[in-house]
Amino acid sequence: MKTIVKIFLCVAMLVASLQANAQVKEFEKYADTKNVTYVFISKFMLRMAGASSAPSVPGVNTKSIMNKLNGIQIISSENKNAIARLKTDAQNMVKQGKYELLMQVDEDDQKVRIYHIESKRQSVVVMMADEGEEFTIIVFSGTFTMEDVMKMTQ
Amino acid sequence: MDELNWKELEQIPIPEGLEERLEKKIDEWERSGPSLSYGHLPLYGENHPESISLGNKPNGHPLHRGRGLGRGSLWLAAASIALVFGVGYYFLQKEETVNLAEQDTYQDPLVAQQEAEKALNLLAYNLNKGMGQMEKAKAISNRTEMTLNKQLQVLEK
């Protein structure tokens with residue numbers, strides 16, 4: 001019996017170690033979803049880019065946070081059915097993942113929700129932008145703090 | 001490789017009388033010792049005069065106890081096999097999605113940088129928008145508080 005428990009523990013640890021990577025797993029399934037565009041920028045690419053980056057928008061300092069990012073996932077769709085599915089899935093994921101609502105900006109043509117979660121392993125900021133005909137989810141994951149995020153806007 | 005070894009082995013001369021000596025030795029072993037058996041099956045068959053079925057010697061003493069697979073071991077083996085198949089199946093199922101998702105969309109770091117900055121700028125823009133509204137609300141709140149304080153001061157006089 002002890003041996004079985006040991007085997008299970010070993011397998012669980014193996015699975016956990018394989019699961020731990022830069023991406024937020026909940027959003028990975030959109031990589032091969034029909035009518036959904038999935039973009040992933042890895043830590044490696046961000047570091048390569050970060051070395052030669054200069055602020056492109058005045059007043060926005062992205063360089064400090066760029067070095068702390070582990071990955072960026074961009075999921076977007078213009079298909080009505082896919083948008084409906086994305087919205088439902090995203091809301092469920094946010095609830096199940098115990099994300100906290102950081103900011104909500106509602107305008108006539110755009111509704112934006114920004115959620116965040118901080119853990120020992122990594123921090124995640126999820127931005128959902130609903131523009132009616134287009135729905136976009138941007139997921140930033142890394143070892144940043146909320147202070148780092150807010151610094152970007154100063 | 002195997003063919004070469006066989007050829008080499010065939011070329012090695014067999015010492016004279018080795019075959020006879022080996023036959024003699026085997027005959028001696030067969031005459032003196034008990035027959036070898038595996039599990040409960042005798043090596044020579046049940047009716048052979050020298051065969052000893054596992055469990056008891058002809059004189060009634062146990063030869064050795066067969067160490068067959070017990071229930072616990074069978075469960076352990078079944079659980080291990082199920083576990084290995086389960087884990088293998090899980091990873092085979094996930095492989096396609098993981099491969100697609102873990103690939104960098106952009107191979108050019110500059111394009112990746114542009115996209116990353118665009119995403120970060122969009123986040124900063126929306127945060128600024130929210131913060132701007134918060135600043136406005138704060139300013140209104142401060143003005144209301146100041147007016148209220150002034151009114152209170154007038155009333156106190």
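Helices are DSSP runs of H or I with at least four residues and strands are runs of E with at least two, both numbered from the N terminus. Because the model is predicted, local features need pLDDT of at least 70 and side-chain atom pairs count only at pLDDT 80 or more, while totals for chains, interfaces and linings use all residues. Residues are numbered from 1 along each chain as its sequence is written, and chains are lettered from A, with ligands numbered from 1, in the order in which they are written.

**Helix H4 of chain B**
- Helix H4 of chain B, residues 109–156, has 48 residues and reaches 68 Å from its first C-alpha to its last, close to the 70 Å expected at 1.5 Å a residue, a span taken as 1.5 Å times one less than the number of residues.
- Among the residues of H4(B) that are buried are Ala116(B), Leu120(B), Leu123(B) and Leu127(B), where buried means that 20 or more other C-beta atoms, placed from the backbone, lie within 10 Å of the residue's own.

**Chain B as a whole**
- Buried residues make up 8% of the 157 residues in chain B.

**Where chain B meets chain A**
- In chain B, 31 residues are in contact with 36 residues of chain A, contact meaning that the C-beta atoms of two residues, placed from the backbone, lie within 7 Å.
- On the side of chain B that touches chain A, helices H3 (71–102) and H4 each supply at least two residues, and H4(B) gives the most, with 19 residues.

Terms used:
Buried ≥ 20, exposed ≤ 12 C-beta atoms within 10 Å, placed from the backbone.
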